[in-house]
Amino acid sequence: MITSSLSNHILTLSIDRPSAKNALSLAMYQDLAQQLERAKNDDISVVIITGNANIFCSGNDIEDFIQLAQADSTQTQKNRAIIERFMFAMIDCPVPIIAAVSGAAIGIGMTLLQHCDFIFATPNTIFTLPFVKLGLCPEFGSSLLLPQLLGERKAKAMLLLGEEMTVEEALSLGFINQITIQPEQHAVHCANALIALPKEALQHTKKLLSDHSRQQLIDCIDKENDLIFKLIKRSEATSALSRFKEKKSQT
């Protein structure tokens with residue numbers, strides 16, 4: 001699930017669900033949102049997000065996705081609110097967010113990284129966005145942000161074809177800050193460097209960097225989520241999710 005620790009003004013959030021390859025469930029979205037919202041009130045200067053040594057995050061929980069496809073309109077709105085609370089908690093987090101990534105970052109495991117301020121990744125890290133393969137569309141603002149971050153050609157290859165991005169590509173394109181065998185150690189070092197800076201100036205600078213495009217991002221997320229919650233009930237998506245579940249049960 002989500003484990004947290006607060007030390008020296010650094011809030012560390014760990015995705016810790018190895019039995020499901022660190023897939024995010026609705027309950028985990030709630031936990032992440034609550035923890036990220038602490039940065040607005042508690043004595044927190046930096047947030048670090050990490051997974052485990054083998055995988056960062058394999059995306060959304062497949063069982064939750066199947067339930068989302070079967071939910072009525074009232075439950076759909078509740079589920080959407082849970083997910084969007086997490087998204088806005090990341091977007092509006094007033095302090096810098098650092099990601100320490102090891103292994104695969106798939107789906108939401110990659111798109112949440114768009115909203116981190118610093119990313120350190122291991123040599124075995126790969127990034128994949130299998131939305132179209134699952135009968136779905138981009139989420140968390142990736143249809144807007146990925147072309148800006150990676151360039152249109154790579155963004156289209158990832159979002160349309162589901163093409164992987166290697167860690168070397170991620171570094172060369174500027175998606176991550178550094179390749180390292182010790183991402184957590186580098187994340188803590190970066191966090192300590194940030195803590196040493198004037199906190200108010202740091203937070204104002206982060207806000208200035210994102211404020212000018214915030215409304216465009218929110219509009220994009222709203223449009224993406226409108227489509228996702230429609231597409232997930234279509235036969236293409238339900239069939240793809242069922243095949244994925246069956247394949248997973250055989251591995």
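Colleague: How many salt bridges does a search of the whole structure find?

Modeller: Keep in mind that this is a predicted model. The search of the whole structure gives eleven salt bridges.

Colleague: Which residue forms a salt bridge with Glu 84?

Modeller: The partner is Arg 80, and the closest N and O atoms are 2.7 Å apart. Glu 84 and Arg 80 are four residues apart in helix α3, so about one helical turn separates them.

Colleague: Are Glu 84 and Arg 80 buried or exposed?

Modeller: Glu 84 is buried, and Arg 80 is buried too. Now look beyond the pair. Arg 80 and Glu 84 are linked with Asp 222 and Asp 226 in a network of salt bridges.

Colleague: Which residue meets Lys 207 in a salt bridge?

Modeller: Asp 211 does, at 2.7 Å from N to O. Both residues lie in helix α9, four residues apart, or about one turn of the helix. Lys 207 has a relative accessible area of 47%, and is partly exposed. Asp 211, at 38% relative accessibility, also counts as partly exposed.

Colleague: Which parts of the chain does the pair of Glu 169 and Lys 154 link?

Modeller: Start with the contact. Glu 169 forms a salt bridge with Lys 154, with 3.2 Å between the closest N and O atoms. Glu 169 sits in helix α7 and Lys 154 in helix α6 (residues 152-161), so to speak distant parts of the chain, 15 residues apart.

Colleague: How do I read the accessibility of Glu 169 and Lys 154?

Modeller: Use the cut-offs: under 20% is buried, over 50% is exposed, and partly exposed is in between. Glu 169 has a relative accessible area of 28%, so Glu 169 is partly exposed. Lys 154 is at 10%, so Lys 154 counts as buried.

Colleague: Let us turn to rings. What describes a pair of aromatic rings?

Modeller: Two values do: the distance of the centres and the angle of the planes. The structure holds three aromatic pairs. Take Phe 86 and Phe 140. Their ring centres are 5.7 Å apart and their planes are at 55°, so the pair is tilted.

Colleague: Where do Phe 86 and Phe 140 lie?

Modeller: Phe 86 is in helix α3 (residues 73-91). Phe 140 is in the loop between β8 (126-128) and α5 (142-150). The pair therefore ties together parts that are 54 residues apart in sequence. Both Phe 86 and Phe 140 are buried.

Colleague: Why is the pair of Phe 127 and Phe 175 edge-to-face?

Modeller: Read the angle. Planes over 60 degrees apart count as edge-to-face. The planes of Phe 127 and Phe 175 are at 80°, with the ring centres 5.6 Å apart, so the pair is edge-to-face. Phe 127 lies in strand β8 and Phe 175 in the loop between α7 (167-172) and β10 (178-179), so the pair ties together parts 48 residues apart in sequence. Phe 127 and Phe 175 are both buried.

Colleague: Now to the open space. What volume has the largest pocket?

Modeller: About 970 Å³. Then read the lining. It has 36 residues, and His 115, Asp 117, Lys 206, Leu 209 and Ser 210 lie nearest the centre of the pocket. The elements that give two or more residues to this lining are α3, β7 (118-121), α5 and α9 (199-231). The largest share, 14 residues, comes from α9.

Colleague: How do the residues of that lining divide by class?

Modeller: There are 18 nonpolar, twelve polar and six charged residues in the lining of the largest pocket.

Colleague: Which residues line the second largest cavity?

Modeller: Among them are Leu 24, Tyr 29, Asn 60 and Phe 65. This cavity holds about 30 Å³ of space. Helix α2 gives the most to its lining, with three residues.

Note on methods
Residues are numbered from 1 along each chain as its sequence is written. This is a predicted model: local features need pLDDT of at least 70, side-chain atom pairs count only at pLDDT 80 or more; totals for chains, interfaces and linings use all residues. Side-chain values use heavy atoms; hydrogens and water are left out. Rings of Phe, Tyr and Trp (its six-membered ring) pair if their centres lie within 6.5 Å; planes under 30 degrees apart count as stacked, over 60 as edge-to-face and the rest as tilted. Buried means under 20% relative accessible area, exposed over 50%, partly exposed in between (1.4 Å probe, protein chains only). On a 1 Å grid over the protein atoms alone, a cavity is a set of points where a 1.4 Å probe fits but cannot get out, and a pocket is an open set with protein on both sides within 12 Å along at least five of seven lines; lining residues have an atom within 4 Å of a point. Grid points are joined across faces, edges and corners, and a volume is the space filled by probe spheres set on the points. Ala, Val, Leu, Ile, Met, Phe, Trp, Tyr, Cys and Pro count as nonpolar, Asp, Glu, Lys and Arg as charged, and the others, Gly among them, as polar. A salt bridge is a side-chain nitrogen of Lys or Arg within 4 Å of a carboxyl oxygen of Asp or Glu.
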